[in-house]
Amino acid sequence: MVNYRKRLLAGTVAVAMAGALAACGGSGSNPGGSSTQSATAGGTLQYYIYAPFEHTDPQRSYLGVEMTNFSRTVYRSLVAFPISTDPKVSNTPVPDLATDTGTSSEGGKVWKFTLKDGVKWEDGKPVTCEDFKYGASRVFATDVITGGPNYLLSYLDIPTDAKTGLPAYDGPYKGDGQALFDKAITCDGNTITYNFKKPWPDFPLAVAGLHMMDPYRQDKDQGAKSNYQIFSNGPYMIKGGGAMWNKNKGALFVRNPNYDAKTDSTDIRKALPDEINFTVGQTPETIYDRLIADNGDDQYAVTSSRVPPAYYTQIQGAVADRSVLVKSPYVDYLVPNFRNMPDPKVREALKVATNATAWINAGGGEKAYGPAESIVNPAVVGYQANPAFSGPQEGDPAAAKKLLEEAGVKMPYPITFTYPTSDTADKQAAALKETWDSAGFDVTLDGLGDTYYDVIQKPTKDSDVIWGGWGADWPSAITVTPPLFDSRPNLTADSDGQDYGAYKSDKFNALVDQAQAATNLDDQTKALQEADKVLGEDTAYIPLEVANFYWLHGSKVTGYMNTPSSSSYVDLGPIGVEN
Amino acid sequence: MTVQASNLQSEQMPDSTGGSGGDAAKVAGQSPTKLAIGRFRHDKLSMISFVVVVVYMLAALAAPFLVKFGVLDPTTFHQNLTDPSTGGIPYGKLGGVSWHHPLGVEPATGRDVLSRLWYGVTFSLAIALSATMISIVVGAVLGIISGFSGGWIDSIIGRFIDLTLSFPVTLMLLALSAIGIQMVANVLPGTFSDPLPNGAYVVLVLGIFGWPGIARIIRGQVLTVREREFVDAAVLFGASKYRIYFKEILPNLWAPLLVTFTLTMPAYISAEAALSYLGVGIHPPTPTLGNILKGSINYSQADFFFFFTPAFLIMIIVVSFNLLGDGIRDALDPKTAR
């Protein structure tokens, strides 16, 4: 499948689950996901990517794999998650560009950070407080800076424009309301102060988990043209300086001469390889043919593609020693497009006829997936199975057909199912199509190639049912349903944001406000559970399964780890290669 | 190819009067066509390949009806026949061969392999046949015009042939596929992912890039024929250009056209398979030999029979067409036989 949107998974359950998987997952899986070999400096790490990244701009980046890779190599933040397979350690931010993990006041509405001295960009200029302010301001240019997380739009203390429902500041390119923004984020020498309109007690987690609060150099900003630009303040940079990531080829990361390791910590970044070579475009099957054969450069390779189900039987013996099977933080789900499916009975029929078991089996079975009864991952604090999804996992086409007849719509009811294509995904989609067709739908499969999120975020799309995959942005349930279904920061004229189905519910939005204003975790959890119930009643989503991650790496790779802070992808912090 | 001794008298090129000498009354003279058929019939290999090709065509024609009446079932999932703990490998030997599923089932989905292959033959044949027809019609027309007109028309068409031949077809096809398929989808019924626009795109590109080879062959044939005495005779008698094209030259081209047709078909069947592997062409779940093979390549280690069956089927079809084409060519012109 395509790369997943965001992050992370709370609690100690992760280790227990990974451990359980090690017991039943067959040969070679390691608890917590690490192959232990002592890490060494030097050499070139190869990183194979299948589906192209759609953004490398820090304020637009939202894929778990992008964000973790860039965190460890080119984009430093005020605070960052350290390298550890222990979820408690991994989920506690440590200082990165700031001197400590920030001070909050006024019940979490005001946050202050003091910046470290001596940190430089790749061109030698220092990282300043103004850079942090400018980076945050770009989030508000919602017509240009699309695709990234938009928490700042609802949290920063800027009044809302009654007409648009969005903040009264529209970004640094247009500049309306700049004075309001300058009051909300202030720079005093080396100290930056953020003022929020709601309490944000876990703000440092958001800073560490996402790149929306990263500094950005104003003189390097070309707006939409900066989409694939990487301007680094980390241990690596793209060869050439201020250079572009090539969407279909990748990039070669070399050491950044202006990086001072003394301003950093090896708890966050060890930066062992001299070079990291990202290559885009090989299919997962080709990548794994190479990794299994383990010849030449492939011995120094890792990948963000998971083992294709057709290759499971080849992961035996010595190959299995290089493999890792971990539970991922992601839940796969479907959203009906509310613009095309306004009738709740039709959406309910769709839900009833969804055969999640067939989807799971077509995708590789129990090694690849576990069942899901909510869009929230079971390991997130406050998880509760959603009663709307307690029906049979194989679906009930007869009951669904009845619902469609009751709805009085023309049958077979035509729908288009949009999803990211791959050999496995095509079979999974066909599995859903089969049961939906027998329930009275007429399904057209629309598998998208190299551009997925840009397409499904367009308000003008034709899709009726859309695939999505989501993990919590930082260890809290408040980062699952609100960013996906709160219409206010998501639905703009140019983009549906993360609310691909254009779901809009005042009842849900009110519960989100209640959760965000809650003064303690229990009240927040209760409000979020209520909110999930509302989503179930409206059939705003249909959960499919919880994904497992099955990885292989080259034999000469050292320090290989899949950590909670890397969203269970390979963590580039501790990685090295033999040389 | 062996040549029967009794047919040696048919060494002459066919001409418009037919007959190769001998009184109609005493020695039943045979037309060159009859002689060719006779030669063909006696060549065992050609006959076998002819039978295979006919069976293939009939199977391709029959499949849609068999699917409609439920005899073949290429879409129903039988996941209970696959093992979820191994990533979906079918239970049982040879990829799940059983009385219900004579060629086994597809991994992870459990779909019947025989049904999918049989139905896939129809789509592959449809694409190959359409593309061949386009190439042959365009190639023959331009070849005849070029061969007979000579002069600057011949030169222009000749350069056009060279230009088209120099295009890297596969690369262009891949690079332009997204735009091309969208353009085709705007004209035909169906959306971007539907079988019809994708199949039509493949047909168009194969057809458009395949005509130059055929044009050259036909042009060469025309040049030979027009030097013949009977054409001179027709010209002396004052025959119109129209009559010469259609009554003198065209009837003598059917032989090379038939051979070219039979040899182009397997090239396009292979091309469709190759293009499916590269991602261009009809997408699953609609089966074609190419996209079935694409999905099965990954299982070459885990479920070898599932990989072997479509590969073997494609091989049989391509080889049969090639042998048939060779056999026809040898039957029509024994001088090329060895």
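Two residues are in contact here if their C-beta atoms, placed from the backbone, lie within 7 Å. Keep that in mind as we walk through this predicted model.

Let's start with a pair of helices in chain B. On one side, V202(B), L206(B), G210(B), I214(B), I217(B), I218(B) and Q221(B) belong to α6(B). Their partners in α9(B) are P256(B), T260(B), T264(B), Y268(B), A271(B), E272(B) and L275(B). Sorted by class, this contact between α6(B) and α9(B) has nine nonpolar, four polar and one charged residues.

How do the two helices lie against each other? Two packed helices are described by the angle between their axes and the distance between the axes. Helix α6 of chain B covers residues 195-226, and helix α9 of chain B covers residues 254-277. Their axes come within 11 Å and cross at roughly 150 degrees. Because angles over 145 degrees count as roughly antiparallel, α6(B) is roughly antiparallel to α9(B). The crossing of α6(B) and α9(B) is right-handed.

Now turn to where the chains meet. In chain B, 24 residues are in contact with 24 residues of chain A. The side of chain B that touches chain A has nine nonpolar and 15 polar residues, with no charged ones. For the complex, the predictor gives an ipTM of 0.73 and a pTM of 0.79.

Finally, a word on confidence. Chain B has a mean pLDDT of 83, and 90% of its residues reach 70 or more. Residues 1-24 of chain B are another matter: pLDDT stays under 50 there, although the model has 34 contacts beyond four places in sequence for this stretch. Where pLDDT is low, the predicted coordinates should not be read in detail.

Methods. Residues are numbered from 1 along each chain as its sequence is written. Chains are lettered from A and ligands numbered from 1 in the order in which they are written. This is a predicted model: local features need pLDDT of at least 70, side-chain atom pairs count only at pLDDT 80 or more; totals for chains, interfaces and linings use all residues. pLDDT is the predictor's confidence in each residue, from 0 to 100. Ala, Val, Leu, Ile, Met, Phe, Trp, Tyr, Cys and Pro count as nonpolar, Asp, Glu, Lys and Arg as charged, and the others, Gly among them, as polar. Axes are lines fitted to C-alpha atoms, for helices over the stretch in contact, and angles run from 0 to 180 degrees between N-to-C directions. Helices (H or I, at least four residues) and strands (E, at least two) are DSSP runs, numbered from the N terminus. Angles under 35 degrees count as roughly parallel, over 145 as roughly antiparallel, 65 to 115 as roughly perpendicular and the rest as oblique. A crossing is left-handed if the near helix is turned anticlockwise from the far one by less than a right angle, and right-handed if clockwise.
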